Amino acid sequence: MQQRCASSVNLCRKILQPHRVASVWPPSPPPPPQPPLQPPLCDIFINHRGVDTKRTIAGLLHGHLFRLGLRPFLDSMNMKPGDKLFGKIDPAIRSCKLGVAIFSPNYCDSYFCLHELALLMECKKRVVPIFYDVKPSQLRVVDYGTSSAEELERFSWALEEAKYTVGLTFDSLQGDWSGFLNCATDAVIKNLVELDDAN
C-alpha cells in the first residue's frame with residue numbers, strides 16, 4: 001500500500017503562522033517586560049551517518065526543509081571549522097522540537113550517531129526514523145572496545161526505542177528520490193504541527 005503524501009507547503013504554512021488569541025474587553029494591562037527568549041537553535045535535528053547520507057538523503061532533506069522556512073540542523077551545514085562537536089550538537093538536540101534519525105548501513109559504527117540518538121531519546125524528543133538501505137533488524141550496537149558498558153547499554157536502549165517507532169524506509173537503488181523526499185518532508189511537518197498543537 002502506497003502512502004499518499006499531503007502538501008508540504010500547506011502543512012508548513014500551518015506550522016509557521018502565528019496562533020491567534022481571542023480579544024478580551026476591557027484589555028488587561030500589559031505584562032511587565034521580560035528578557036527576550038532565545039529561539040531554539042533548530043526545529044529539526046537530523047541525526048545521520050555522514051559517510052552514507054550527507055550527500056544524499058540527509059543533505060537533500062536539510063535543503064528541502066530549509067527552503068520551506070524551517071530550521072533544520074545538519075552538522076555540515078550548521079557548524080564551522082573550530083566548533084566543538086558536543087558544544088554545538090548537544091545544545092541543538094536539547095533545543096530542537098523533533099529529531100529525524102536516518103539509519104544506514106554504517107550508522108551503528110559511529111559513536112557520534114549513537115550518542116546523538118541516545119540524547120534525543122533521553123530528552124524525550126519525538127524521533128522520525130528513516131531506514132535508508134537498511135532494515136531495522138540489521139541495526140545493532142557492536143562493542144569495538146572503545147565505549148564503556150554504560151555507554152553500550154545507553155546506545156542499545158536508544159536504538160531499540162527507535163527501531164520500534166513507525167518510520168519510513170527507502171532503497172536508494174530502487175526508490176523514487178523525489179517522491180521519498182516529499183513523503184519524508186510531509187512526515188516531518190505533520191509531526192511538528194502535532195507537537196505545536198499539543199503545546
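Author: Let's go with β3, which is covered on both faces: Leu98, Val100 and Ile102 on one side and Gly99, Ala101 and Phe103 on the other are all buried. Buried here means under 20% relative accessible area, with exposed being over 50% and partly exposed in between, using a 1.4 Å probe and protein chains only. Six of the six residues of β3 are buried, so the strand is largely enclosed by the rest of the structure.

Before going on, the ground rules. This is a predicted model, so local features need pLDDT of at least 70 and side-chain atom pairs count only at pLDDT 80 or more, while totals for chains, interfaces and linings use all residues. Residues are numbered from 1 along each chain as its sequence is written, and side-chain values use heavy atoms, leaving out hydrogens and water. Helices (H or I, at least four residues) and strands (E, at least two) are DSSP runs, numbered from the N terminus.

Now the neighbours. β3 belongs to an open sheet of five strands, ordered β2-β1-β3-β4-β5 with parallel pairing; two strands pair if DSSP finds at least two bridges between them. The edges are β2 (72-73) and β5 (168-170), each pairing on one side only. On one flank, β1 and β3 run parallel and are joined by four bridges, with isoleucine 46 partnered by valine 100 in β3. On the other flank, six bridges tie β3 (residues 98-103) to β4 (residues 126-132), again parallel. Phenylalanine 103 has phenylalanine 131 of β4 as its bridge partner.

Then there's helix α6 (residues 111-122), which packs on the sheet and touches β1 (44-47), β3 and β4. Touching is a contact, meaning heavy atoms within 4.5 Å. The direction of α6 makes about 145° with that of β1; axes are lines fitted to C-alpha atoms, for helices over the stretch in contact, and angles run from 0 to 180 degrees between N-to-C directions. Together, β3, α6 and β4 make a right-handed β-α-β unit: with the strands pointing away from the viewer, the path from the first strand over the helix to the second runs clockwise.

For scale, 42% of the protein's 199 residues count as buried.
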